[in-house]
Amino acid sequence: MKISELAEKLDLRVAAGADGLENRAEGCYIGDLMSLAMARVQENNVWITIQTNLNVVAVAALSEAGCVILADGFSPDDNAAAKADAEGIPILCSGRSAYELARELGALGI
C-alpha cells in the first residue's frame, strides 16, 4: 500500500515529507528509543513514535522507512519537518495512541 493511501484510510495529517507519499508501507515498528529503532526499522516500514526531533528523520532515512507516524497528537519540530521535506520522508500525525494505530495498520494488512 502506498503511504498516500495509508494516510487517507487512517485519516492521518501529512506534516512533512509529502514528496515521499508514493513510498510503500510494508510492516511496522513501534518505539521511541533511537538506538533500537536504528537496529529494527526495516525498509518501507511504518515507524510509529512520539519522538519529534531531527534524529527521527535521520533514523528513518538510514533505515529507508516508508514513513513515520507521530502518535498521541505529537507534531514534528521545525528542524525535523524541514529535513523530512528535504529527504522526502513522510511524517504523518495522529491523535490516536500507538496501540490504536498498530491495530488499524494490522487490520489493513500492514
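This tour moves through a helix pair, a loop asparagine and the cysteines of a predicted model.

Local features here require pLDDT of at least 70, side-chain atom pairs count only at pLDDT 80 or more, and totals for chains, interfaces and linings use all residues. Residues are numbered from 1 along each chain as its sequence is written, and side-chain values use heavy atoms, without hydrogens or water.

Show side chains next: L54, V57 and A61 of α3 meet N79, A80, K83, A84 and E87 of α4 (heavy atoms within 4.5 Å).

Now centre on N45, in the loop between α2 (34-40) and β3 (46-49). N45 counts as buried, at 6% relative accessibility (buried is under 20% relative accessible area, exposed over 50%, partly exposed in between, with a 1.4 Å probe and protein chains only). Leaving aside neighbours within four places in sequence, its contacts include C28 and C67.

Finally, select C28, C67 and C93. The sulfur of C28 is 8.7 Å from that of C67, its closest cysteine sulfur, too far for a bond (a disulfide needs two cysteine sulfur atoms within 2.5 Å). For C93 the closest cysteine sulfur is again in C67, at 11 Å, also too far for a bond. The disulfide count comes to zero.

How values were computed. Helix = DSSP H or I, 4+ residues; strand = E, 2+ residues; numbered from the N terminus.
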